[in-house]
Amino acid sequence: MTDSQLSRQQRKRAEKISQLERVAARMFAERGFEAVGFEDIGATLDLRGPSLYHYFSSKEELFLACIRQSAKEVANRLHAICEAGSEPMETLRALFEEQVIIELRDYPEYVPLFFKLYVPSEEIQKEILNLRRAQAEIFESAVRSAFGIAPGQRIVRQRVALEVAFGALAYLPEWYRSDGELSIDEIAKTMGESLVAQFTQLRCG
C-alpha cells in the first residue's frame, strides 16, 4: 500500500470517527446516556456489528472520545485567543464571546455532555470534571493577567465574578432560541460585554 493510499484510508477513518462522535453526542444529549444503545448509534451511520467495533469497543469509549476531542478543539480555540497578545481585559471579553459561539453554533450537541448529562461511570465523571477544570483554568489565567495576580495567589472577588460568568454560560443553551430576534454573533457580543463588565468594575473599584 502506498503512502497516499494509507493517508487516504487514515483520512476516511478520521472522518468516520468524527461523524460517529457528532451523532453520538447528539443522541446522548437528546435521550440521555443510559437510553442510547451502542448499536443504535452505529445504525444511524449504517455501521452495524463488527464494522462499528472497528472504531470503538464500547459506548463508554465512544462517549469519552466525544468529550475529549470536543474539549481539545475548544481549548485550542481559547488558547489561540489568549496567545493573540491583546490587552488582558479584551482577551477576557473575547474568550466569553468565543464560548458563546462554541456553545450555540459550533458544538451545541456537546454542551449537555459536560453540564447536564448523568453518566453512571466514576471514570467518565472524573474525566468530565477534569476537562471542565482545564477549560476553567484558561479563563482564570486571563483574569489573573487582567488583575496582575500571580499563579498560586488567591483570587476572591474575581472568583465570584468568574463563577457568575460560568453559570451564565452553562445556562445559555436553556434559553437560546434559533428563531429569536438576536443572531448568535449579537448574543455573543452582548454577553461578552456584560460578563467582562463585572471585572471592569472590580478593577475600577
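Glu-97 is buried, with a relative accessible area of 17%; buried stands for under 20% relative accessible area, exposed for over 50%, and partly exposed for the range in between, computed with a 1.4 Å probe on protein chains only. This report describes a predicted model, in which local features need pLDDT of at least 70 and side-chain atom pairs count only at pLDDT 80 or more, while totals for chains, interfaces and linings use all residues. Residues are numbered from 1 along each chain as its sequence is written, and side-chain values use heavy atoms, with hydrogens and water left out.

## Salt bridges

A salt bridge is a side-chain nitrogen of Lys or Arg within 4 Å of a carboxyl oxygen of Asp or Glu. The structure holds 15 salt bridges. The table lists some of these pairs.

| Pair | Closest N to O distance |
|---|---|
| Glu-193 and Lys-189 | 2.6 Å |
| Glu-87 and Arg-203 | 3.5 Å |

Helices and strands are DSSP runs numbered from the N terminus, a helix being H or I with at least four residues and a strand being E with at least two. Arg-93 and Glu-97 are 4 residues apart in helix α5, so about one helical turn separates them. Glu-193 and Lys-189 are likewise 4 residues apart, about one turn, and both lie in helix α9. Glu-193 is partly exposed at 39% relative accessible area, and Lys-189 is partly exposed at 45%.

Glu-87 and Arg-203 form a salt bridge. This pair links distant parts of the chain, 116 residues apart: Glu-87 is in the loop between α4 (59-82) and α5 (88-106), and Arg-203 is in helix α9 (residues 184-204). Glu-87 has 39% relative accessibility and counts as partly exposed; Arg-203, at 41%, also counts as partly exposed.

Salt bridges can also join into a network, as they do among Glu-140, Arg-144, Arg-159 and Glu-163.

## Aromatic pairs

Rings of Phe, Tyr and Trp (its six-membered ring) pair if their centres lie within 6.5 Å; planes under 30 degrees apart count as stacked, over 60 as edge-to-face and the rest as tilted. By this rule the count comes to 8 aromatic pairs. One of them joins Phe-33 and Phe-63, which are edge-to-face, with 5.4 Å from centre to centre and 90° between the planes. Phe-33 is in the loop between α1 (3-31) and α2 (38-43), Phe-63 is in helix α4, and the pair thus links distant parts of the chain, 30 residues apart. Phe-33 is buried at 4% relative accessible area, and Phe-63 is buried at 0%.

The ring centres of Phe-38 and Tyr-53 are 5.2 Å apart and the planes stand at 80°, so this pair is edge-to-face. Because Phe-38 lies in helix α2 and Tyr-53 in helix α3 (residues 50-53), the pair ties together parts that are 15 residues apart in sequence. Phe-38 is buried, with a relative accessible area of 10%, whereas Tyr-53 is partly exposed at 43%.

## Pockets

On a 1 Å grid over the protein atoms alone, a pocket is an open set of points where a 1.4 Å probe fits, with protein on both sides within 12 Å along at least five of seven lines; lining residues have an atom within 4 Å of a point. A volume is the space filled by probe spheres set on the points, which are joined across faces, edges and corners.

The largest pocket has a volume of about 420 Å³. Its lining has 22 residues, and the closest to the centre are Gln-99, Phe-115, Arg-132, Gln-135 and Ala-136. Two or more lining residues come from each of α4, α5, α6 (111-115), α7 (122-147) and α8 (157-175), and α7 gives the largest share, 7 residues. By class, the lining has 15 nonpolar, 3 polar and 4 charged residues; here Ala, Val, Leu, Ile, Met, Phe, Trp, Tyr, Cys and Pro count as nonpolar, Asp, Glu, Lys and Arg as charged, and the others, Gly among them, as polar.

The second largest pocket holds about 180 Å³ of space. Its lining includes Glu-103, Pro-112, Phe-115 and Tyr-176. The elements giving two or more residues to this lining are α5, α6 and α8. The lining has 8 nonpolar, no polar and 4 charged residues.

Pro-112 lies in helix α6 and counts as buried at 18% relative accessibility.
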